[in-house]
Each structure stands twice: as structure tokens, then as C-alpha cells.
Amino acid sequence: MTAAANGVDRSKYVPFMRRAIALAQKGAGRTSPNPVVGAVVVKGGRVVGEGYHRRAGGPHAEAIALRRAGPRARGATLVVTLEPCCHEGRTPPCVEAIAGAGVSRVVVGARDPNPLVDGRGIAWLRRRGIEVVAGVLGSECRAQNVHYEKYITTGRPFVTAKVAVSLDGKIAAQSGESRWISNADARRYAHELRARHDAVMVGVGTAVADDPRLTVRLPGRREAARRAIVVDTTLRVPDGLKLLKRAPGELVILTTTNAPAVRRDALRKRGHDLVVTEPAGDGRVRLREALVELGRMGVCSILVEGGGRLLSALAKEGLIDRMAVCVAPKFLGGAGLDMLPDLRIDGMDGSMGLGDVGFRAFGDNVVVEGSCG
């Protein structure tokens, strides 16, 4: 962006906003249910203070950057990726800290979609005589918080489906064996995806067949032990699974009223959370209703890792926001298990497509990512 808008040359703020975006990214996967935010204080053409939101309940990016700038913040410009908050939460309103520091100009990347903010922070600053330049690298700033935006505007978690497939579109061999379709580097990327989401979800079939832990195993990210979610219509999940050995509050099971009450009570006594819906027409969990309840529990984003029936059910209801499909150069044949076995599409006009498609290569594996809907 090089042209001046409303008499303001926004291009001079782009390098500082890029720095703020890079700072914000450091908080990815750690700030939920809050957004990721980065901020820099600029004076005399150089950065004199910077910060990012590290965790929910902790100081906001603006407060950290202003504190590090100290008295140099007076008369300076604050560049921040997201509109400063103007309401009292677990931390004081950032707009008051900005005004108190004597900042003369605030450059904002994206507006905060939270109904408690959504332009009110910008309006508050302008009423106090602080110049606001909005929309600098707005698309990039907004893209950092797609999970937050979905959650804060709908009450439902952002859902990403991650799946590894062979070249002939199979997620497992006829026997159900799927370890490993993807290579080690692609699996490491899958753990990066886990680290960026609040929870990892699988169907009971996958839970029984693979007995996964669904935790994040990355250097320096051991603390990001993701919450696990299992979709189990009748609570047939056996007690010996690793997932059932998780600490209280780390496992949520989505089930129906058809599940035996005694089994529901037993799982709750072990400290596990249950979301119980009336059975849908096919007898399964009402997924949309369950996602709303997960949102009430503070789950803002979910990474779904299978199996095919769960992916099909989510796809049919339009509940998948993004997909990451790892394609490996293998063939598993016609008897292998399909990625979307229950999805029936009559013609190309009804095909399910992806937008904003991107590609990542991991050796001989390729990950295709894109938005749904």
C-alpha cells in the first residue's frame, strides 16, 4: 500500500505492522479464548517498545509495549495488529493505558469483531483526540485470528479437518491400519496444527483402532497439552484407552441420550466431561448442537483427525471451516477406507471445494490446505 489515504501515507507504517504481526504469531495456540495481538511503539522512526499477548488473562500486547517504551511513549505512535479493547475484562481496557501513556497516534491492523469492541475502541481513542489510522495490512492481521473471529461471532469453535490420504484417496488400508501414510516431517506439521488449536477431535472408531494420545509433541511445546474430544454415540469407548487416562478436564466425550446412564455416570466420576445430545435422525450425535456446547465450555478451535464417518458427518452439515489434506505417494487399493465414505454427491456442480488454497511440501508428501464454504 503506497498511496496516501485521507491525507495519511499508510505505507510508512507497513514495516512496523509487519513486525507487530510477527510478534503476534508468537502467541499462536497460547492465548485462547483471546486473540493473538502484537504491538510496537514507534518514535523518531524506530521501535522503542514492543510486546505481544502471551496467554489468556495475561497483559495485553499494548500494555507490554507501552511499559517497555516507558516515557518514550509520550507523543509516539502505537502500531497494533488488532483494535485495542475498550471494556473491562481480566485486564484493564487498553484504550485507557494508551491515553494514559500520552500516545498521539494509533495504527490499527484489523477491527476486533468482538461485539463488546467492534469499532468502539477506535471511536474511544478518537474522542480523546488520539489520531487513529485503521486498516494497515488489515487482511494479514485478520487472518491471524480466524479462530477467534469464528468463535466470538457465532459461539461455535473454528473447525479444521486434518487427514492423511494415499494417492487413491484412502485414509487406511482394508484392515484399518493407517500408520503411517504420511512421513515424519508431515506428522511433525500435524503436531504444529495441534498446537494451534484448543482441542483435537476423533471419532470412537479412530480412538479404538489407533489408541492415540492426541497431545502436542513438539520441542518447547510440551505445555500445550491439547484437550481431546471423542465422538462416541453409545459410549463404547473401552476403559483401557490412553485417552481415558487423561487428567480431569482434558477429555470431552460427545454422546447421545442412547448411551447407558450408568456408563455416563462412570465417566463423569473419572473427571471426564460429557456433552449429551438427543440422537439425530441417523442415531448419531447432533454435531452442530454439540459444537455450540463446546463453545460454551471455552473451546474456540478444534482440529479433527478422523475417521471418515466423522469427517463425512461434519462435511454434510457444513461444519468444517478449513481442511489440511496430506497426500502421500502410496496406493491402498479399492478396499481401503475412504476419506469421506458417507458423503454422496450426484455431480460436479455439487462438489465440495476449497478456497484460498495453499501447498506445503514435506519431502515426498504434499499438504493441500484451504477454506471450506
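Student: How do you know that strand 10 and strand 14 pair, and in which sense do they do so?

Tutor: In this predicted model, strand 10 and strand 14 (residues 301-304) are joined by three bridges in the parallel sense. Two strands count as paired if there are at least two bridges between them, so the three bridges here qualify strand 10 and strand 14 as a pair. One of the contacts can be named: methionine 201 has valine 304 in strand 14 as its bridge partner.

Student: What makes strand 11 a partner of strand 10?

Tutor: Strand 11 (residues 227-231) runs parallel to strand 10, with five bridges between them. The cut-off is at least two bridges, so strand 10 and strand 11 are a pair. Within this pairing, valine 200 stands opposite alanine 228.

Student: Why is strand 10 called mostly covered?

Tutor: Strand 10 (residues 199-203) has five of its five residues buried, where buried means under 20% relative accessible area. Ala199, Met201 and Gly203 point one way, while Val200 and Val202 point the other way, and all are buried.

Student: Which strands form the open sheet of five, and why are two of them left without a neighbour on one side?

Tutor: The order is 4-3-5-6-7, and the pairing is mixed. Strand 4 (46-52) and strand 7 (131-134) stand at the edges with a single partner strand each, so one side of each has no neighbour in the sheet. Neighbouring strands here are turned by 20° against each other on average, direction ignored.

Student: What makes strand 3 and strand 5 a pair, and which helices lie against them?

Tutor: Strand 3 (residues 38-43) and strand 5 (residues 77-82) pair in the antiparallel sense over four bridges, and valine 41 stands opposite leucine 78 in strand 5. Helix 1 (residues 14-25) packs on the sheet, touching strand 3, strand 4, strand 5 and strand 6 (105-110). Helix 2 (residues 61-69) lies across strand 3, strand 4 and strand 5, at about 140° to strand 4.

Student: Which residues have the most contacts inside the largest nonpolar core?

Tutor: This core has 42 residues, and those with the most contacts inside it include Met17, Val41 and Leu125. Helix 1 supplies its largest share, six residues. A second, separate core of 32 residues includes Ala161, Leu291, Ala313 and Cys372.

Student: How do you know that arginine 128 lies over the face of tryptophan 124?

Tutor: Arginine 128 is at 4.0 Å from the ring centre of tryptophan 124. The limit on distance is within 6 Å, so the value of 4.0 Å meets it. The description "over the face" is given to arginine 128 on tryptophan 124.

Key: Residues numbered from 1 in each chain as written. Predicted model: local features only at pLDDT ≥ 70, side-chain atom pairs only at ≥ 80, totals over all residues. Heavy atoms only, no water. Lys NZ or Arg CZ within 6 Å of the ring centre and 35° of its normal. Helix = DSSP H or I, 4+ residues; strand = E, 2+ residues; numbered from the N terminus. Axes fitted to C-alpha atoms, helices over the stretch in contact; angles between N-to-C directions. Contact = heavy atoms within 4.5 Å. Core = buried A, V, L, I, M, F, W, Y, C linked by side-chain atoms within 4.5 Å. Buried < 20%, exposed > 50% of the residue type's maximum accessible area, 1.4 Å probe, protein only.
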